[in-house]
Amino acid sequence: MAKLAGVFAASHAPLIARDWHLFEEPLKAKLTSAYQRLGARVNAAKADIIIEIAPDHWSNFFINNLPSVCIGVGATHLGPPEPFLKAFGHTTLAGAPQFALHLLETALASGFEPSVSHQLALDHGFCIPLWRMELDPLPPIVPVIINSLEPPMPTVARCVAWGNLLASAIASYPVDARIAIVASGGLSHSIGEPTMGAIDEAFDAGCIRAFEAGGEPAIVDYLDAALRTAGNGSHEVRNWVAAHAAAGSHGFELIEYLAVPEVYVGCAWAAWSLAA
Amino acid sequence: MKRTDYVLSKLFFDLQSAPAAAEYRADRAAVLDRYALEPEIRAAVLADDVATIAPLVNPYLLRYYCTASGMPEAEFLEKIRG
């Protein structure tokens, strides 16, 4: 049977790639170190498959057909469409269709109705963490997109349920495989709004405290209230909530937090505890 | 519930393509002729009237559009922050 090999999270920002050449050396060093330290944890997990939970940034979906949740079941995924991510070097990424279909079937049998895609493009939300964590080898990816881009979005409580479902699908997968989860996104940021560029460090600290403390009601209650006034990009923390629940909600270890105005994002990197 | 302008959103979505953005920068009117925008919305687009456009589209699409249209980031920030 498959085993949950580890649960991790990292922020992303397109400017981490697009504007990298403009950054001062100390910032480059801090960002590089944070991704590398998390990447060392992910590499140590020796995952055969990574479920990566990330938002779609209008790369796959539009408002003519906008899934709340989509599972990518393709044997391959397209690499990032953004031209500034050419250096990532992957025009395609391997998928894990057998497990992805098991996840899809487990979801449908459990009262969840995700969308399904046989070919997703993995944009910067997926690829910046994969690239900057320097995963070697890069395991096959099962993408799970949770809509955190355009309201209305899945509730925070539903993201908890999705996390529990991911854990259940891993536990019931009848193959000897190590499966890790990487959540990408958050913490606070505001894009294309009047508050664009604002980083809400109090919001970020509240998230970190709640994830560190463990449990589910506290993070749900906190986010139900705090997301109303945090920037629009902050909604990506839904991916972290799903990861939190998938890990058993025992709490996480914060690896780094950096408020980075150069990329408009309150950036964090974390690894969850898998046992109480 | 906010009002979403579907046609305007579709224009901004389509302009994520580099060739489409290049065409738009070369001749906005010709591209806009292919989208059935309401006259006042078309005028706002031609005038870079971000304050009028912003409530009608997803903020990420708005940002992408402003980049695709050639608006410098500093100018976009000034316009969106009002």
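**View 1. Surroundings of A:Ile181 in the predicted model.** A:Ile181 is in contact with A:Val7, A:Ile51, A:Ile53, A:Leu166, A:Ala243 and A:Ala246, leaving aside residues up to four places away in sequence; contact requires C-beta atoms, placed from the backbone, within 7 Å. This is a predicted model, in which local features need pLDDT of at least 70 and side-chain atom pairs count only at pLDDT 80 or more, whereas totals for chains, interfaces and linings use all residues. Residues are numbered from 1 along each chain as its sequence is written, while chains are lettered from A and ligands numbered from 1 in the order in which they are written.

**View 2. The largest nonpolar core.** This core comprises 111 residues, and those with the most contacts inside it are A:Phe8, A:Ala180, A:Ile181, A:Val241, A:Ala242, A:Ala243 and B:Phe12. Its largest share, 8 residues, is supplied by helix α5 (residues 156-171) of chain A. A nonpolar core is a set of buried Ala, Val, Leu, Ile, Met, Phe, Trp, Tyr and Cys residues joined through C-beta atoms within 7 Å. A residue is buried if 20 or more other C-beta atoms lie within 10 Å of its own, exposed if 12 or fewer, and partly exposed in between. Helices (H or I, at least four residues) and strands (E, at least two) are DSSP runs, numbered from the N terminus.

**View 3. Helix α8 of chain A.** Because 10 of the 10 residues of this helix (residues 237-246) are buried, α8(A) is largely enclosed by the rest of the structure. Among the buried residues are A:Arg238, A:Asn239, A:Trp240 and A:His244. A:Gly248, with a positive phi near 100°, follows α8(A).

**View 4. The open sheet of chain A.** The 8 strands run in the order β6-β3-β7-β2-β8-β1-β10-β9, with mixed pairing; strands pair if DSSP finds at least two bridges between them. β6 (115-117) and β9 (252-260) of chain A stand at the edges with a single partner strand each, so one side of each lacks a neighbour in the sheet. Strands β1 (residues 3-10) and β8 (residues 178-184) of chain A pair in the parallel sense over 7 bridges, and A:Lys3 has A:Arg178 of β8(A) as its bridge partner.

**View 5. The contact between chains A and B.** Chain B contributes 17 residues and chain A 14 residues. On the side of chain B that touches chain A, two or more residues come from each of α1 (6-14), α6 (59-68) and α7 (73-81) of chain B, and α6(B) gives the most, with 6 residues.

How values were computed
Contact = placed C-beta atoms within 7 Å.
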